[in-house]
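Here is a short report on one structure. It covers an aromatic pair and a pocket.

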Amino acid sequence: MATTRQDEAYMKVALGLAQRGLGLVAPNPAVGCVIVKDGVIVGRGFTQHGGRPHAETEALAQAGDKAKGATAYVTLEPCSHTGQTGPCAQALIDAGVVRVVCAISDPDERVCGKGFAMLRDAGVTVETGICVAEARAINHGFLTKVGKGRPMFTLKIASSADGKIALANGDSQWITGSEARAYGHMLRARHDAILVGIGTVLADNPVLNCRLPGLEDRSPTRIVLDSSLRIPLESKLVATAGQIPTLVLCGQADEENVNALRAVGVTVEMLDTLDDMIAIARRLAACGLTRVLVEGGGRVHASLLKAGLADRVLHFTAPKLLGSESMAMVGDLGLASLDHAPHLTCTSLRRLGADILASYEKPE
């Protein structure tokens with residue numbers, strides 16, 4: 001049976017469910033599932049906090065006996081291996097589902113095609129390739145981690161109309177308005193981690209948490225790049241490390257300082273160098289991170305752009321002009337030719353109060 005417009009509509013419901021897991025399920029993918037019988041949705045589910053239970057398990061539990069003879073719409077190929085739980089493909093078979101419509105396959109070598117094969121071998125009809133772009137966008141981070149061995153990086157930049165992020169004296173509160181700032185907090189809730197440089201910590205003393213009403217518990221891991229471990233013990237990040245995971249990556253550092261930070265809950269990791277952003281990206285992937293929101297200054301932004309790691313750039317532009325003496329949103333890229341400039345594709349523009357949000361992606 002070929003997919004239909006109705007299949008697309010049900011898949012979009014599953015995609016909406018999948019998005020609820022963003023920022024909560026790493027290192028697992030964010031998956032949504034709906035069970036439909038006789039034109040009625042009888043079960044809904046999405047991957048739960050920490051990656052378990054899986055979306056299919058949640059939807060089947062809600063559907064109960066109504067899953068027999070039903071169609072399951074799943075945003076990612078059902079798993080076929082036994083981990084902390086049994087294979088979702090087998091759970092669908094055992095429940096009596098007769099058809100599975102799926103957006104994309106799972107590139108994880110433990111699954112890749114095996115979930116579909118398990119279903120087909122059991123006589124379940126499998127349809128794939130519906131709402132592919134939407135499904136890939138939701139799990140860009142997971143797909144990047146599996147395919148490239150690193151998280152997806154999103155650069156969040158709030159600047160004036162002339163591309164400045166702070167005055168020469170460091171004053172930057174607030175360049176953008178309340179609507180743009182609220183959107184920024186929503187982005188924090190949908191990422192696994194926030195990354196900044198030590199310069200941002202010293203200049204702004206940020207908390208880097210999610211302060212949207214009802215989403216306070218969605219604050220992601222805070223990561224600080226701090227080559228000589230200058231982060232103050234009295235900083236807000238250190239003071240709240242017991243409540244929100246905080247990771248500081250540094251080079252050589254004083255052992256007493258390291259121990260003091262660790263004693264209050266800060267995770268300190270020493271690397272050979274902080275100049276190799278690709279190595280840092282791989283280290284973050286090893287920590288299980290799939291989606292990293294970068295809220296650093298111009299130097300951090302430039303480092304990621306030069307390394308080809310800026311997968312998405314979200315540029316909030318305020319209708320203000322700060323002048324040439326102010327701080328640029330991107331540091332020195334060392335360009336000798338325009339051909340070497342990082343090229344991005346604009347995917348959307350939207351107004352947030354008086355500000356404009358331009359969304360860009362790195363071409364594949």
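## Aromatic pair

Tyr-73 is buried, because its relative accessibility is 3%. Tyr-10 also counts as buried, at 11%. Buried means under 20% relative accessible area with a 1.4 Å probe and protein chains only.

A search of the whole structure finds 2 aromatic pairs. In one of them, the ring centres of Tyr-10 and Tyr-73 are 5.2 Å apart and the planes meet at 45°, so this pair is tilted. Tyr-10 sits in helix α1 (residues 5-19) and Tyr-73 in strand β3 (residues 71-76), so the pair ties together parts 63 residues apart in sequence. Helices (H or I, at least four residues) and strands (E, at least two) are DSSP runs, numbered from the N terminus.

## Model basis

This is a predicted model: local features need pLDDT of at least 70, side-chain atom pairs need 80 or more, and totals for chains, interfaces and linings use all residues. Residues are numbered from 1 along each chain as its sequence is written, and side-chain values use heavy atoms, without hydrogens and water.

## Largest pocket

The lining of the largest pocket has 34 residues; Ser-172, Trp-174, Thr-200, Asp-204 and Glu-295 lie nearest its centre. A pocket is an open set of points on a 1 Å grid over the protein atoms alone, where a 1.4 Å probe fits, with protein on both sides within 12 Å along at least five of seven lines; lining residues have an atom within 4 Å of a point.

Helix α7 gives the most to this lining, with 5 residues.

Terms used
Rings of Phe, Tyr and Trp (its six-membered ring) pair if their centres lie within 6.5 Å; planes under 30 degrees apart count as stacked, over 60 as edge-to-face and the rest as tilted. Buried means under 20% relative accessible area, exposed over 50%, partly exposed in between (1.4 Å probe, protein chains only).
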